[in-house]
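Here's a quick briefing to read alongside the model. Take a look at the structure first, then work through the notes below.

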2 protein chains.
Amino acid sequence: MKEQNETEKSTKEFSEDCHKLLSSVSDALYAIGGKWKLMIIIAMARGNNRFTELQRMVNGISARVLSSELKELEMNGFIVKKVSVGYPVTIEYQLLPYSETLQEVVGALSRWGVQHREKIKNDMSKEGSSKP
Amino acid sequence: MKEQNETEKSTKEFSEDCHKLLSSVSDALYAIGGKWKLMIIIAMARGNNRFTELQRMVNGISARVLSSELKELEMNGFIVKKVSVGYPVTIEYQLLPYSETLQEVVGALSRWGVQHREKIKNDMSKEGSSKP
DNA sequence: TTACTCGCTAACCTTTAGGTAACGACTAAC
DNA sequence: GTTAGTCGTTACCTAAAGGTTAGCGAGTAA
């Protein structure tokens with residue numbers, strides 16, 4: 001029964017594999033999915049720690065959305081909000097070490113993004129020049 | 001003027017870097033962002049090529065959403081729809097080579113997802129056991 | 001005094017994602 | 001021939017993400 005053929009076995013294994021892969025990717029997307037979270041983390045990793053800095057750097061984000069995303073990022077342990085009580089109360093957001101675990105993801109995504117833009121450009125110029 | 005100090009220079013470079021990174025990640029998210037696209041590609045890479053197979057494999061997706069996501073994936077050159085005209089018309093979706101460029105992204109995301117789930121589990125057990 | 005910045009927040013509205021349910025066309029079983 | 005299942009597609013509707021505008025409280029600069 002067990003060594004009947006390989007089709008059945010590999011199908012099953014594939015299917016288990018697949019479920020694991022799917023659920024881990026799903027977990028990841030749950031935490032860092034959406035339009036902004038990764039972008040905010042990238043901007044912060046580049047030294048943007050103030051609210052308005054972030055708003056200017058992350059193109060197209062509104063104050064309302066930035067505010068709520070920062071809250072979520074804080075709840076999930078990616079960043080902290082530091083309020084310096086001294087002279088003019090300044091508020092800074094800082095990355096926590098945990099956000100560094102995202103480096104690989106950010107790297108992969110940005111490399112893919114670069115090559116994808118290239119591809120789109122090529123596709124367009126091909127279509128454009130294919131007029132008979 | 002040029003070697004005044006390093007602070008100014010590196011700030012500027014950081015900022016340029018940052019914009020590039022942000023726009024490439026943004027491009028990537030535009031194409032493969034959202035809850036389902038990557039999951040569908042993963043499922044297909046594991047040998048699920050029929051509509052209902054995919055629907056069963058990708059947990060929680062509805063037929064309507066699957067149908068529209070498949071259309072988008074086709075438009076963006078990740079998959080093709082093959083209709084065999086013979087006997088009971090069967091429809092198969094197949095990955096195109098371009099979807100393989102996503103391997104790195106999928107790998108990174110799933111590894112991160114796995115460790116993130118671990119982290120959540122640990123965090124919870126810590127909080128749970130800290131009752132005085 | 002006026003005006004402008006920073007770090008938000010609330011109220012309101014639009015856009016998009018996604019669920020439900022039903023259909024068409026065809027098969028298979030009862 | 002009637003019911004049930006496959007393989008999708010479509011129309012309709014809700015929910016939630018996100019944009020816009022406005023403003024507040026505290027500081028700063030003219």
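**Starting point: E104(A)**

E104(A) is partly exposed, with 16 other C-beta atoms within 10 Å. For reference, a residue is buried if 20 or more other C-beta atoms lie within 10 Å of its own, exposed if 12 or fewer, and partly exposed in between, with C-beta atoms placed from the backbone. This is a predicted model, where local features need pLDDT of at least 70, side-chain atom pairs count only at pLDDT 80 or more, and totals for chains, interfaces and linings use all residues. Residues are numbered from 1 along each chain as its sequence is written, while chains are lettered from A and ligands numbered from 1 in the order in which they are written.

**More on E104(A)**

- E104(A) sits in helix α5 (residues 103-129) of chain A; helices (H or I, at least four residues) and strands (E, at least two) are DSSP runs, numbered from the N terminus.
- Leaving aside neighbours within four places in sequence, E104(A) is in contact with A108(B) and W112(B), where contact means C-beta atoms, placed from the backbone, within 7 Å.

**Chain A and its confidence**

- Chain A has 5 helices and 2 strands, and they run α-α-α-α-β-β-α along the sequence.
- Of its 132 residues, 29% count as buried.
- Among contacts in chain A with a separation of 6 or more, 38% join residues 24 or more positions apart.
- The mean pLDDT of chain A is 84, with 83% of its residues at 70 or more; pLDDT is the predictor's confidence in each residue, from 0 to 100.
- Within chain A, confidence is highest in α4(A), at 94, and lowest in helix α1 (residues 6-32), at a mean of 75.
- Over residues 1-9 of chain A, pLDDT stays under 50, and the model has 0 contacts there beyond four places in sequence.
- Where pLDDT is low, the predicted coordinates should not be read in detail.

**How the two chains meet**

- On the chain B side, 36 residues are in contact with 37 residues of chain A.
- Two or more residues of that chain B side come from each of α1 (6-32), α2 (37-45) and α5 (103-129) of chain B.
- By class, the side of chain B that touches chain A has 21 nonpolar, 9 polar and 6 charged residues. Ala, Val, Leu, Ile, Met, Phe, Trp, Tyr, Cys and Pro count as nonpolar, Asp, Glu, Lys and Arg as charged, and the others, Gly among them, as polar.
- Chain B superposes on chain A by a rotation of 180° with 0.0 Å of shift along its axis (RMSD 0.1 Å). The two copies are thus related as by a two-fold rotation axis.

- The largest nonpolar core has 58 residues, and I42(A), A43(A), I42(B) and A43(B) have the most contacts inside it. Such a core is a set of buried Ala, Val, Leu, Ile, Met, Phe, Trp, Tyr and Cys residues joined through C-beta atoms within 7 Å.
- Not counting residues up to four places away in sequence, A43(A) touches N48(A), L54(A), M57(A), V58(A), C18(B) and L22(B).
- In α2(B), 7 of the 9 residues are buried, so this helix is largely enclosed by the rest of the structure. Those buried residues are L38(B), M39(B), I40(B), I41(B), I42(B), A43(B) and M44(B).
- Just after α2(B), G47(B) takes a positive phi of about 95°.
- L54(B), in helix α3 of chain B, is buried, with 20 other C-beta atoms within 10 Å.
- With residues up to four places away left out, L54(B) touches I40(B), A43(B), N48(B) and L66(B).

**Around the DNA**

- Of the 18 residues around DNA strand C, F51(A), T52(A), K35(B), S62(B) and R64(B) come nearest; a residue is near a strand if its C-beta atom, placed from the backbone, lies within 6 Å of it.
- The surface near DNA strand C splits into 8 nonpolar, 6 polar and 4 charged residues.
- DNA strand D is surrounded by 16 residues, with S62(A), F51(B), T52(B), S67(B) and I91(B) the closest.

Methods: Two residues are in contact if their C-beta atoms, placed from the backbone, lie within 7 Å. Copies are superposed by least squares on the C-alpha atoms of residues with pLDDT of at least 70 in both.
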